[in-house]
Amino acid sequence: MRGSTPCANEENMRYGGNTTCLQVEIAGQDELLILDCGTGFRNLGNILDETEDPIRGRIFITHPHWDHLQGFPFFKPFYDGKNWFRMYMPPQGGIGCKEILQGHMSSTFFPVSMDMLEADLDCEIFEPGSKHFEGYSIEYMWASHTVPTAVFKLTFGDKVVVFAPDNELVPEDHEEAKAFKEQFNDFIKNADILIHDGQYDRKQYSSRAGWGHSAWEEVIEVARNAGVKQLYFTHHDPDSNDDTLDVREQEINALGADHFEVLALAKEGQKITLSYTIPS
Ligand SMILES: [Zn+2]
Ligand SMILES: [Zn+2]
């Protein structure tokens, strides 16, 4: 999944040019679970639109940066009155969730307004804490990013999946960075899957510190210390083409393969399967 902006150039097609959108399918659940509405959200909508049945879904948005919202108005199931969706977003300094989405679709930026969407839609601010739904629970901690941003943690059965597409792990060991990494370590401890921002390598990071994204080397260190089992890097820089990312995948594995069951760069359209049992 691409970070910052879509980049539909030929040299990016293997890892993908669309920005962040992740669907989590839980066995036996009819209700959709979607994380973020980047431009990949449009493609997902086209697939879902093939069904005649009514669609119900919950959509959790890490934060309202363009690359996590740009697919929102292009999701075809929003234009069908038999569908039902609930959106959730962490508090954004007093601005309501609907207000943000409406602003994103105001006439200056987009021809279709929020009230022209026909599905039953509602959006609420997700205050820190946990929410429990049939088959799973979701909670978040604050990411290290430039606006209020969630790192979502999903628990279903005995498995834990953490989604941190925009999260800056600061390499220096000053107090604030150390405190954040300790808190993050507790949050991701023994996670079965961590999907994490790996936009840069350390060299690129040195000129982009404070932009809200991580160097992959730092992520490996933090995830290894926390006992993460499968680590996937996401939010690939738009200027990192397929060849660059192939080399990065080799470098990543050279440094960390021994410490993880899976260590890879996320690819657009990729499916990851996780078997789980429900504790009795
Ligand atoms: Zn982003
Ligand atoms: Zn962001």
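**View 1. β4 and β5 side by side in a predicted model**. In this predicted model, strands β4 and β5 pair up in the parallel sense, with six bridges between them. For a landmark, look for tyrosine 88, which sits opposite glutamate 124 in β5. To get from β4 to β5, the chain passes through helix α2, and this β-α-β crossover is right-handed.

**View 2. β3 meets β4**. Here we slide along to strand β3, residues 56–60, which runs parallel to strand β4, residues 84–89. Five bridges join the two.

**View 3. The whole five-stranded sheet**. Which strands stand at the edges? They are β1 (22–23) and β5 (120–125); each has a single partner strand, so one side of each has no neighbour in the sheet. Helix α2, residues 97–104, packs on this sheet and touches both β4 and β5. The direction of α2 makes about 120° with that of β5.

**View 4. Glycine 227 and its contacts from elsewhere in the chain**. Glycine 227 is in the loop that links α5 (216–225) to β11 (230–234). Is glycine 227 buried or partly exposed? It counts as partly exposed, because it has 13 C-beta neighbours inside 10 Å. Setting aside neighbours within four places in sequence, glycine 227 touches Lys189 and Asn190. Asparagine 190 is 37 residues away from glycine 227 in sequence, yet their C-alpha atoms are 4.6 Å apart in space.

**View 5. Serine 4, a positive phi before β1**. Most residues other than glycine have a negative phi. Serine 4 isn't a glycine, but its phi is positive, at about 70°. You'll find serine 4 in the segment before β1. Serine 4 is also buried, because 21 other C-beta atoms lie within 10 Å.

**View 6. Histidine 235, another positive phi**. Histidine 235 isn't a glycine either, and its phi is positive at about 55°. This histidine 235 belongs to the loop between β11 and α6 (242–256). Histidine 235 counts as buried, because it has 27 C-beta neighbours inside 10 Å.

Key. Residues numbered from 1 in each chain as written. Chains lettered and ligands numbered in written order. Predicted model: local features only at pLDDT ≥ 70, side-chain atom pairs only at ≥ 80, totals over all residues. Pairing = 2+ DSSP bridges. Helix = DSSP H or I, 4+ residues; strand = E, 2+ residues; numbered from the N terminus. Contact = placed C-beta atoms within 7 Å. Axes fitted to C-alpha atoms, helices over the stretch in contact; angles between N-to-C directions. Buried ≥ 20, exposed ≤ 12 C-beta atoms within 10 Å, placed from the backbone. Right-handed = clockwise from strand over helix to strand, strands pointing away.
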